[in-house]
Amino acid sequence: MLPAQHDWFSEFYQSEGVAISWTVESHLAHEITDYQTIDVYQTTHWGNLMVIDGFVMLTSRDNFLYHEMLTHPALFSHPNPKRVLIIGGGDCGTLKEVLAHESVEQCTQVEIDEQVTRLAEKFFPELCERNDDPRAKLLFDDGLAHIKSLEPGSVDVIIIDSTDPIGPAEGLFGPEFVKDCYAALGPGGIMVQQSESPLLHQALIAGITKNMREAGFDETATLGFPQPCYPSGWWSATMAVKEGGLAPPSEARFTLAKLTTRYYNREVHIGALATQLGRVAR
Ligand code: AG3
């Protein structure tokens, strides 16, 4: 039962004429950093809610969908992912999923805003459980500059877990960054990028796909998945492979990985590829 009087947080997604709201118990944090404004709310039904510049980043209740779908299809598309790079991802939910793969020897996370991680440690501790894993390296730096500093061919999988393509994340959606990712990846390397809503952002998805093709990637695929807390409730990840194809894992490989996921599994992976969202977007 809701109290008669309650406060609401709303994300107003003006450009699409839609908003989504949560009833909130309290406003846990409000920080203005060098990059953005971060708020955390305690909601009545969705656990904690993190908001950056008015846009919802995650809730305790449904973030597993996004983090699992951004991570596992990409890692399983590589034959033996050892060196993983996360650009953004400050709440550490993606890092946690990456480290569930035993093949991974090193996972570097490059988040521009340290405060995102500090607030995640405080208000989303379940996502930060693996931050002390010896394979994890947390850097607070500019991802655009970091990628340029890498040895060519030194990474197996790059995951771009960013905000919307405005503000500090804008360059992460541009052609130059995609070319830099291509150079940093070894043969068979995979890049995956959170690519917004298949319903609302088809032009953006088409642009990401075009950038990937033009950078030299052999194959691309856009995987859709539900994400109730984001505009339209339907979200996507766009993957690309440097030399090779984007096949789901064999049953044997999936079973051997012993993942404890809540949404992702091999059939979901196959189904997400079958939706051919990339083709719809083009
Ligand atoms: N990734 C944010 C996706 C953008 C959400 N957009 C919006 N609410 N308008 C968040 C990072 C989670 N690890």
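Predicted model: local features only at pLDDT ≥ 70, side-chain atom pairs only at ≥ 80, totals over all residues.
Local features need pLDDT of at least 70, side-chain atom pairs count only at pLDDT 80 or more, and totals for chains, interfaces and linings use all residues. Residues are numbered from 1 along each chain as its sequence is written, and side-chain values use heavy atoms, with hydrogens and water left out.

Select the ligand and its shell. The shell holds 15 residues, the closest being Glu 11, Val 56, His 67, Asp 91 and Asp 164 (a shell residue has a heavy atom within 4 Å of the ligand). By class, eight are nonpolar, three polar and four charged (Ala, Val, Leu, Ile, Met, Phe, Trp, Tyr, Cys and Pro count as nonpolar; Asp, Glu, Lys and Arg as charged; the others, Gly among them, as polar).

A side-chain N or O atom of His 67 is 2.9 Å from a ligand nitrogen. At Val 56, a backbone N or O atom lies 2.9 Å from a ligand nitrogen. For Asp 164, the side-chain distance to a ligand nitrogen is 2.8 Å. Of the 400 Å² that the ligand exposes when taken alone, the protein buries 98% (Shrake-Rupley method, 1.4 Å probe).

Now colour by secondary structure (DSSP runs: helices H or I, at least four residues; strands E, at least two). Strand 1 (7-13), strand 5 (55-59) and helix 1 (63-77) each supply at least two shell residues; strand 5 gives the most, with three.

Finally, colour by domain (bounds from an automatic or database assignment). Domain 1 (7-59) and domain 2 (63-281) both contribute to the shell, so the ligand lies between them.

Technical notes: Polar contact = N/O pair within 3.5 Å; in protein donor to acceptor, adjacent residues only side chain to side chain.
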